[in-house]
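Hello,

Here is the structure for you to look over. My notes on it follow below.

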Amino acid sequence: PLPSAFDCAFGYALGQTAGALVFERRTFYVASCMDMHLPVAEWQPVALPFSALYPASASGWEDRSLRIPRTSEVLRKNIEEAYEHFKDIWIGANVFQAQGPMQFGDGADVGGGPGAG
């Protein structure tokens with residue numbers, strides 16, 4: 001299926017944010033957007049340090065080196081919680097219909113216009 005207008009706007013916004021990070025020579029950041037419940041023109045680009053995705057220990061960051069755990073239990077738990085929260089909404093909003101192959105253009109040589117057959 002073709003990407004929706006939301007998909008295109010989100011991809012463009014992430015690309016612009018990532019491009020700005022490259023231009024500023026920022027590494028170890030995650031490009032994102034905030035205020036996505038508003039119209040696209042009001043979205044705000046956000047660059048989060050990758051370390052912000054992992055909670056600090058109770059005693060803080062003693063050694064400043066980022067140690068990424070071998071398992072993704074923390075992220076997986078957050079993703080599962082988000083999925084459970086939004087699952088019913090997504091199911092109710094799913095309006096996808098497989099309509100078959102799409103034909104672009106109106107030429108008779110593609111998909112049967114007048115005189116095809």
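Buried here means under 20% relative accessible area, exposed means over 50%, and partly exposed lies in between (1.4 Å probe, protein chains only). This is a predicted model, in which local features need pLDDT of at least 70, side-chain atom pairs count only at pLDDT 80 or more, and totals for chains, interfaces and linings use all residues. Residues are numbered from 1 along each chain as its sequence is written, and side-chain values use heavy atoms, with hydrogens and water left out.

Thr 17
Start with Thr 17. At 7% relative accessibility, Thr 17 is buried. Thr 17 sits in helix 1 (residues 5-23). Helices (H or I, at least four residues) and strands (E, at least two) are DSSP runs, numbered from the N terminus. What does Thr 17 contact, leaving aside its neighbours within four places in sequence? The partners are Ala 31, Ser 32, Pro 45 and Val 46. Contact means heavy atoms within 4.5 Å.

Aromatic pairs
The structure has four aromatic pairs. In the pair of Phe 6 and Trp 43, the ring centres are 5.8 Å apart and the planes stand at 70°, so this pair is edge-to-face. Phe 6 is in helix 1 and Trp 43 is in the loop between strand 1 and strand 2, so the pair ties together parts 37 residues apart in sequence. For the cut-offs: rings of Phe, Tyr and Trp (its six-membered ring) pair if their centres lie within 6.5 Å; planes under 30 degrees apart are stacked, over 60 edge-to-face, and the rest tilted. Trp 43 is buried at 9%. Phe 6 is partly exposed at 42%. Ring pairs also join Phe 6, Phe 10 and Trp 43 into a cluster.

Salt bridge
There is one salt bridge. The term means a side-chain nitrogen of Lys or Arg within 4 Å of a carboxyl oxygen of Asp or Glu. Lys 87 and Glu 84 form it, at 3.7 Å from N to O. Both are in helix 2 (residues 73-93), three residues apart, so about one helical turn separates them. Lys 87 is partly exposed, at 26% relative accessible area.

Positive phi
Two residues to check by eye. Arg 25 is not a glycine, yet its phi is positive, at about 55°. Arg 25 lies in the loop between helix 1 and strand 1 (29-34). Arg 25 is exposed, at 75%. Asp 35 is not a glycine either, and its phi is about 65°. Asp 35 lies in the loop between strand 1 and strand 2 (44-49). Asp 35 is partly exposed, at 28%.

Best wishes
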